[in-house]
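Q: Please take a close look at the spaces that a grid search picks out here, and at what surrounds them, for someone new to this model.

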Amino acid sequence: MKKVGILTFHCADNYGAVLQCYAMQKYLESLGCGAEVINYIPSVLEEKYRPYTPFLKTLNGYKRSGLKRPFFRAVKSYGRNIYFIKRSKKHGSFERFRKKYLKLSDVCKSHKEFLEIVGKYDLISVGSDQVWSKRISGGEYDKVYFLDGVDNTVKKISYAASAGSLIEKNDEAEIASLVENFDCISAREESLAKQLTELTGKGCVGVLDPVFLLNYEQWINEFSKKNPYKKKKYILAYNVSIEPTIDEYFKLVDEVAAKLGCEIYEVGATKHFKGKGKVLDSIGPEEFIQLIEGAEFVFTTSFHATALAILFEKQFNVFLPDNASRIIDILKIFKLENKIINSGEELNYQTIDYDKLSEMNEHVKAKSKEYIIQNLNY
């Protein structure tokens with residue numbers, strides 16, 4: 001039995017991060033592998049998701065990451081401390097999920113500690129999520145996610161790794177050098193795969209996010225056999241953007257709910273909509289799956305909420321935030337670009353015919369699975 005280590009952002013209190021990690025683990029297990037999540041906890045993520053947010057550390061982190069408006073972001077993050085109890089409950093929900101569903105290695109919090117535990121694996125798969133993003137990693141690339149220093153006896157691949165967007169021009173040489181260490185590379189976005197192919201000559205493959213490696217039945221049987229949210233008709237609103245246009249997004253949320261005659265279930269810390277509904281501020285990943293599966297309509301700015309809406313064959317719209325190439329790419333793959341709503345545009349209520357998409361969906365999923373299978377059979 002091959003022992004495979006999965007290296008990703010599993011420690012983030014982020015629905016997409018932990019659910020894609022779970023899916024990758026389950027799919028590898030279905031292939032007969034001994035899959036384990038490498039329990040690497042970088043300080044930048046530990047700081048970001050702790051229930052209490054210290055102001056100066058947060059401000060310096062945003063400055064290092066190169067994000068726009070670092071002071072505004074830090075003030076907003078610090079202001080969330082009034083929700084300390086809610087954030088603690090949410091963190092607890094994620095910790096319980098990780099403990100119950102993820103098979104974790106010993107904890108490592110530094111490059112040195114990481115190298116001490118990875119020799120036991122036959123293969124390490126890096127990804128998915130934005131593991132190759134300087135913005136997420138605090139302003140510089142985290143060499144752990146490029147398997148720097150890992151012995152050549154361990155096969156090194158990436159699966160659906162993402163940088164969040166295209167690699168900036170002044171980072172291209174560094175990235176080309178960092179991925180040289182890999183035996184095979186794949187990226188979550190077709191645009192990034194093309195760029196990495198041109199930079200490295202390695203033939204980077206575009207593959208689907210790991211959530212698509214499991215089918216609808218596998219998700220529902222594990223998390224949503226008894227779905228308490230199906231008692232009412234609701235639209236699910238999930239926003240991850242802090243762009244100024246988000247006020248417009250929530251006006252459209254109210255419009256969708258009124259047109260469909262539904263309540264609004266918003267995942268977040270505070271209520272932003274005006275209509276009837278409720279805010280779900282401390283749910284865990286299981287409930288997130290249930291909410292998408294039970295929704296009449298999904299309206300989001302999130303990549304993974306979009307991916308799961310497609311997987312569960314939900315009607316949806318995406319209000320496109322800034323720097324959203326990853327969302328555009330996945331909608332292009334499934335030929336659903338008409339579900340994008342840009343600022344100033346009207347809602348699109350055209351129904352998605354998933355029967356017409358099913359054959360194409362299976363084709364792109366098969367391509368992604370084949371990449372993994374080929375790399376295991378070495």
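A: On a 1 Å grid over the protein atoms alone, a pocket is an open set of points with protein on both sides within 12 Å along at least five of seven lines, a cavity is a set where a 1.4 Å probe fits but cannot get out, and lining residues have an atom within 4 Å of a point. The model is predicted, so local features need pLDDT of at least 70 and side-chain atom pairs count only at pLDDT 80 or more, while totals for chains, interfaces and linings use all residues. Residues are numbered from 1 along each chain as its sequence is written, and side-chain values use heavy atoms, with hydrogens and water left out.

The second largest pocket holds about 270 Å³ of space, a volume being the space filled by probe spheres set on grid points joined across faces, edges and corners. Its lining is made of 15 residues, and those nearest the centre of this pocket are Cys11, Ile41, His91, Glu95 and Arg98. Helix 2 (43–48) and helix 5 (84–101) each bring at least two residues to this lining, and helix 5 gives the most, with four residues; helices (H or I, at least four residues) and strands (E, at least two) are DSSP runs numbered from the N terminus. By type, the lining of the second largest pocket divides into six nonpolar, three polar and six charged residues (Ala, Val, Leu, Ile, Met, Phe, Trp, Tyr, Cys and Pro count as nonpolar, Asp, Glu, Lys and Arg as charged, and the others, Gly among them, as polar).

Around the largest cavity stand Val4, Met24, Leu28, Leu123, Ser125, Ile157, Ile372 and Leu376, a lining of seven nonpolar residues, one polar and no charged. Helix 1 (15–30), strand 3 and helix 14 (354–376) each supply at least two of the residues in the lining of this cavity.

Ile157, one of the residues lining the largest cavity, also belongs to strand 4 (residues 155–158), both of whose faces are covered: Lys155 and Ile157 are buried on one side, and Lys156 and Ser158 are buried on the other (buried means under 20% relative accessible area, with a 1.4 Å probe and protein chains only). Strand 3 (residues 123–126) runs parallel to strand 4 and is joined to strand 4 by four bridges, two strands being paired if DSSP finds at least two bridges between them. One of these links sets Val126 against Ser158 of strand 4 as its bridge partner.

Note on methods: Buried means under 20% relative accessible area, exposed over 50%, partly exposed in between (1.4 Å probe, protein chains only).
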